Amino acid sequence: MPEEGAVMMDTEPGDCEPVQLQPFIHQVGGHTSMLRFNDDTLCKPLIEREQVFYQAIPRGLKQFTPQYRGVIEVQLHEDSDGYITLIGYPPDSGKVTFPRNTSPASSESDTDTASPVLNTKHRHDRPGDPYSVRLLRSGSLEVSTQTEKVFHMNDPKSGKHDKTEGINPWSLKCHKRQLSKMRRVTQGAGSFTSKFILLENIAAQCDFPCILDLKMGTRQHGDDVPEAKKQSHIKKCEQSTSSVLGVRICGMQVYQANTQKYICHNKYYGRSLTVDGFKEALCQFLHNGHQLRTELVHEIVTRLQALHESVTEQDTFRFYSSSLLIMYDGVVGNGNGASGGRPSHSARERGRPSHSARERELDHEDSDSNTSSVSEGDQPSNSHYRGWVPNVNVKMIDFAHSTHSGFQGDKTVHKGPDQGYLLGLANLIKMFNEIVDRPLPV
């Protein structure tokens, strides 16, 4: 019997076998590691409040959140060579006990029968593994990947320039931290199992995902956080664009068609921005190295307006410390980066956001009303791209500190919709529209 709120995935024989998990290479923000379960599903450490929130998201917000797909158990295994493997056990898959100093990734295991037979669609063996983790004698973790993707990041906190191959530098940092934490617990207990929730991988719809991770609202602390943490969150908001705009950047990556590399920024970059700097960062998010992709703005604004309308209807809801992902495909379809979308075959399709399989599943009766929420004056003029719907997504994530009336026995009940969140959305809509209206450089 599936969990309430879980959505059954399409499966084939053997799909419920243990799966070797990999880091999600396009993670641009957050502090816990996102892992790749399969091509279109990610997993992250389970936080009860967040899980319950995902299971009971109001219908009006479902099209703006990743699909919740249930819970798995994750175990860390380390072999005698120091290679570390994270194994995910879907419900009813059965867990297998590993001999000491062996793991499914080890080619020198004492016995082949002791290791679980991983589904071949998800298995990655050494050598030649596109991803591997090894514990060095120094105690640090070495993560290796074998892909052609290159990521560049300037870190304002350290003053260093990070260049990584195959994985976003922030994703690498989060993954190492997650593994270190799990190793400490495992060493103390001998064996340790963590629960992770499964979520739809929105980036799977993109060949070269360009991602903007935004911390939304004028307030970030939950109602029951310790006073020290509360003051820390207040200070971060006061010293960033959160207090003025109701939004700040906590991660970004943009594919550059001219160099075939990603430019990345982390949360420290976002905290350092002024209002003008934030506006320039939005421009950088839309620039592919050749041109400013203004054809994306209409689709982004349409989705933000629809989200604004939906959040307005959520009485007593507060989305403290949650993030908003804005994502588009940076693929270069015609050599200049102006592609990365799909043709629209009807006036109805041209006037509304392009839907993922998740959104089509909901079959919204009010889908047409979403487009009317954007006034004519707010819609950027892009007649050159008329008839083409860019591959754009806008999704709310991270609900560990969200609340509403009747949620988890919370004592504090707020009135009306989340005005701080709405302020952030209104400013995003305004600034994206200003990008289209700004004069071209001489």
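Which residue in β18 stands opposite Met 327? In this predicted model, where local features need pLDDT of at least 70, side-chain atom pairs count only at pLDDT 80 or more, and totals for chains, interfaces and linings use all residues, the residue opposite Met 327 is Asn 393. Residues are numbered from 1 along each chain as its sequence is written, and side-chain values use heavy atoms, with hydrogens and water left out.

Strands are DSSP runs (E, at least two residues), numbered from the N terminus, and two of them pair if DSSP finds at least two bridges between them. An open sheet of mixed pairing is formed by seven strands in the order β10-β9-β14-β13-β12-β15-β18. Its edge strands, β10 (160–165) and β18 (392–397), each pair on one side only.

Strand β9 (residues 150–155) is largely enclosed by the rest of the structure, because five of its six residues are buried (under 20% relative accessible area, 1.4 Å probe, protein chains only). Strands β9 and β10 run antiparallel and share six bridges, with Asn 154 partnered by His 161 in β10. The pairing of β9 with β14 (residues 261–266) is parallel, through three bridges; here Met 153 has Cys 264 as its partner.

Asp 213 lies in strand β12 (residues 209–216). This residue is buried but has no salt bridge (a side-chain nitrogen of Lys or Arg within 4 Å of a carboxyl oxygen of Asp or Glu). The nearest side chain of opposite charge, Lys 215, is 6.3 Å away. The side chains of Asp 213 and Ser 323 are joined by a polar contact of 3.2 Å (a pair of N or O atoms within 3.5 Å; within protein, one must be able to donate a hydrogen and the other to accept it, and residues adjacent in sequence count only if both atoms are side-chain atoms).

Key: Helix = DSSP H or I, 4+ residues; strand = E, 2+ residues; numbered from the N terminus. Buried < 20%, exposed > 50% of the residue type's maximum accessible area, 1.4 Å probe, protein only. Lys, Arg positive; Asp, Glu negative; His and termini not counted.
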